[in-house]
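Reader: I am new to this structure. Please give me a close look at a single part.

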2 protein chains.
Amino acid sequence: MNAEIISVGTEIVLGQIVNTNAPFLARQLATLGITADRQLAIPDQRDLMVEAIRSAWQRSSLVFVCGGLGPTADDVTLAAVAAALGTDLTVDQDHWQWIKGTFKQRHKVMMPENIQQAKYLTGGTPLVNAVGLALGSWYERDGHRLVVLPGPPREFKPMVTREVMPRLAKVIGQHTQITSRTLNFFGRPESELMDEVATVTADLTGVTITSYVQPDAIQVRMTVRNQAQAEANRLLDTAQAAIVAKEAPFFFGVGDDCRLVNVVVDLLRQRGLRVTAAESLTGGMFQSTICSVPGASNVFDGGLVTYAATAKEHLLGIAPEVIEKNGVVSAATAAQMAEKSREKLNVAIGLGFTGVAGPDSLEGQPAGTVWIGLAIEGQPTQTKLCHLGAYRGRQAVRRQSVQAGLQMLYQALIK
Amino acid sequence: MNAEIISVGTEIVLGQIVNTNAPFLARQLATLGITADRQLAIPDQRDLMVEAIRSAWQRSSLVFVCGGLGPTADDVTLAAVAAALGTDLTVDQDHWQWIKGTFKQRHKVMMPENIQQAKYLTGGTPLVNAVGLALGSWYERDGHRLVVLPGPPREFKPMVTREVMPRLAKVIGQHTQITSRTLNFFGRPESELMDEVATVTADLTGVTITSYVQPDAIQVRMTVRNQAQAEANRLLDTAQAAIVAKEAPFFFGVGDDCRLVNVVVDLLRQRGLRVTAAESLTGGMFQSTICSVPGASNVFDGGLVTYAATAKEHLLGIAPEVIEKNGVVSAATAAQMAEKSREKLNVAIGLGFTGVAGPDSLEGQPAGTVWIGLAIEGQPTQTKLCHLGAYRGRQAVRRQSVQAGLQMLYQALIK
C-alpha cells in the first residue's frame, strides 16, 4: 500500500512552525508496515491544494490531508478535498448540536462559520475529534482511501491513534498481522539502553525492536509480524522479560500512553498512601504533575513551594543553620524539605526538590545539579543527587527533576 | 519567484527525525519575500528523486534539494539531480585534495567513495561547506536555479546563510523589503479576534495580517512589503494602534518570542513587587510557570498548593464555614485563597485558583468552571469566573487557568 501525506498550512510553509504531525503519522504507519514515501507541505491555497490532492489520489492508495480545518476564511482544506475528489460536504447534525452546546457552556459567541467544523466528506465517515471542534473524514472509493485530519497536534495525535489506526489495521488485516508492545524507560541515555537491549535480545528471532525518545521517557517498541496471536505474545513476553531483567531500575511500564506519573498515582492509590512535596527549583511542577492525573485527590491534598531560602525556613520550619551549614543545594536540605513537608501535611510520603535550574550556577554548583529527598513514614529518609543536562535549558532541568523524583518514588513503592 | 524545497532522507520519511532544515530555509527565504509553496520529503530512492526533481525544475524557478550527500551507497542525491537535469558531475580537485588531507590529519581511513563529496553539478558552482566534507551546488539554466545542500543541520544552516542567501539576494536584486511585527493576545477565540482585527484594519492598505494559534497565545502577524523602513514602520504602528485599541483586554506584548509570563515577571521586577499563590485545580502550575522565567527569585519566594479542602483550611487558615457556605469553587474561596496566601508569604500580591479541571463535574459545576482571586496590597480583592473549554481536556483547563491568572495580574499591573 503506497501512502502520501499532505500537510496544509501557510505557517508550516513559512517555517513559523515545525511540522511534527507528519513524522508522528509516519511512525504510526510504520507499525503497520506502511511507508508514506511522498510527504508534501503546501500553504492554505485552494488551487495548489486541489492539484496536490488530485495527483496524490491518482498516484497512491492512501492519502492523508492534514490541517486547515478551522472556522476562518483561510481554512479551505475540506472544500479543496471535496473539489479534488468530485464529492460534496455533509453536516453531521449531532456534532453541530454539540458544537453549539459547547459554545453556550463556555459563554462564548459562536460564529456561523463554526458549522464548517461539523462537516465531513459526503459518502465518507466522520472521525471523532477527542479534544477539538473539527471533525475528521475517512473516505474510500475505487480502492483508494483519503483521510482528512485537523492540524493542531493535540487534536491530530489522538485522532490518528484512536480513529485512523484501528481502521487502517482492519484494512491491512487481510495482508499482515502485526503485534507490538511498547516498554517505557526513564533515566538512561537512549544509545546505552539500546546497546544493552540489542545484547540481551541478540538470540531472539522474529522480534523487531526500535526506540523512540519521548520528552519524559524512552520508548522501546517490540514488533512481531505474521505470527498467530499466541505465538506473537510468547515472543514479546520472552523479549520483555530479557529486557526488563537487565534494565529494571529504569523500566516503569508497558504501553504507548504509559506515563510514569500515572503509574505512581495508581500505586499510591492501591496502597492507600498520600504524597506531598516541598519544591524549590521545580517551583510546583512536581505537584502540578501529580494533579495532571484525574483522581489525584485520592493521593494528594496539597503541599508547598519553597523557592527562596526564607520560604524554606518560614513555610517549612527548616532551621537556618541547616541551610547555612550545608547550602541550599544539598542532601541535608533536600532531606529536611521532604521530612518537614510530610509532617506539615500529615501524610505518608514527602519529597523535597532543591537544585540549580540554571542558566546561572548557584553556590558554586553548576546548572543541572539537583538533590531530591524522599521521606516515607517509618523508613529512613533517602536522598539522591542528579546531574541533569543543563545544556538542554532551564525547563528541561526542572522537568527531568520531576521525573527523577517520580522514579525514586516508583522504585520505593515497588520494593 | 516561486520556490520548492525537496528534502531527501528515509529517516525523515519514516518519522525517525523531524525535518528542521525545511522550516529554517523557509524562514530565511521569507526575509527575501520568497515563499517555498511546495515542500516535499522523499526517501533516498533514485527513481522517486529523479521524478520529483524534474517536476519541480519544470514548475518552479528556484528548487532546493537537501540531504543525501554522504559517501555511502544510499546517498544518491547528486546522481539523481544530474540525471533529472541532464547534466554531469565535476570533481573539485582543490576540495578533493583538502578532503584527503583532512583524513590524513585526523588519522582516519578514507574510503574511495569520499570522492563523491568533492563533486558538484557540471556547469554550476560548488558551495563551501564550513563544517563538513560535502560540497553543495548552485546551478542555473534558462532562468531556473537549483541548489543542492547537505542534510546535517549543522552543515545545512551555515551553507544557507553564508553561501545561498548572499547569492539569492543578488538574484532578487532590487530585492523585496519585508518588515513584519507580531502582536500577542490571550483569552479570545481566534475567529472572533480575527474578525474584529479585519474590521478595524479594513481601511489600511499595504499591511497583510495573518494569525497563528500558539499554546498560550494567539499571534497576529502584520507584514509590509516593498516599503522603505520608515514608511513600513509607520504602517505597522498605525495597524498596531488600531488593533490594540480594540483588543486591549487581550493584548499582552509584541514579538515572536513574547510570553505572557515573561512580561508579567518583568513588570513585577520593575515595580519591586513579589507574588505568591494558593492553587487548587492548577496544583502548582501557576507557581511553576513563574519559576520558568530565569530570575524568578526577584519576584517570587514560594507559595502553597491547597488541592483538598482540608489543605485550604490547615495550610491557609480559611475558615471551614467559608467553604461550606460558598462551595470550594466560588468567588469567596478564590478571594480567601488569594488574600491568605499573600498574608502567609508577606508579599504584595496573592492569587487563588479554584475550579473544576475535569473530567468529572464538582459541586454540580461542570468541568472548565474556574474562579481566580487576585489580592493586591492596598486594593480590594478581585475575583474572576472563567468558563474554559473542558472538551480540550484536564491539562488544557489547568493551563488556561494559569494563563487567565497571568492575564488578570497583567491587567492589574499596567493600570
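Which residue in strand 12 of chain A does A:Phe185 stand opposite?

Author: This is a predicted model. In it, A:Phe185 stands opposite A:Phe251, a residue of strand 12 of chain A. Strand 12 of chain A spans residues 251-254, and three bridges pair strand 12 with strand 9 of chain A in the antiparallel sense.

Strand 9 of chain A covers residues 178-185 and also runs antiparallel to strand 11 of chain A, residues 217-225. Eight bridges join strand 9 and strand 11 of chain A. Within strand 11 of chain A, A:Met222 is the residue opposite A:Arg181.

Now turn to chain B. There, B:Phe185 has B:Phe251 of strand 12 as its bridge partner. Strand 9 of chain B, residues 178-185, pairs with strand 12 of chain B over three bridges, in the antiparallel sense.

These strands of chain B belong to an open sheet of four strands. The order is 10-11-9-12, and the pairing is antiparallel. Strand 10 (208-214) and strand 12 (251-254) of chain B each have a single partner strand, so one side of each has no neighbour in the sheet. On average, neighbouring strands of this sheet are turned by 25 degrees against each other, direction ignored.

Two helices of chain B lie across these strands. Helix 7 (residues 190-200) of chain B lies across strands 9, 10 and 11 of chain B. Helix 7 runs at about 165 degrees to strand 10 of chain B. Helix 8 (residues 229-247) of chain B lies across strands 9, 11 and 12 of chain B. Helix 8 runs at about 15 degrees to strand 9 of chain B.

Terms used
Residues numbered from 1 in each chain as written. Chains lettered and ligands numbered in written order. Predicted model: local features only at pLDDT ≥ 70, side-chain atom pairs only at ≥ 80, totals over all residues. Pairing = 2+ DSSP bridges. Axes fitted to C-alpha atoms, helices over the stretch in contact; angles between N-to-C directions. Contact = placed C-beta atoms within 7 Å.
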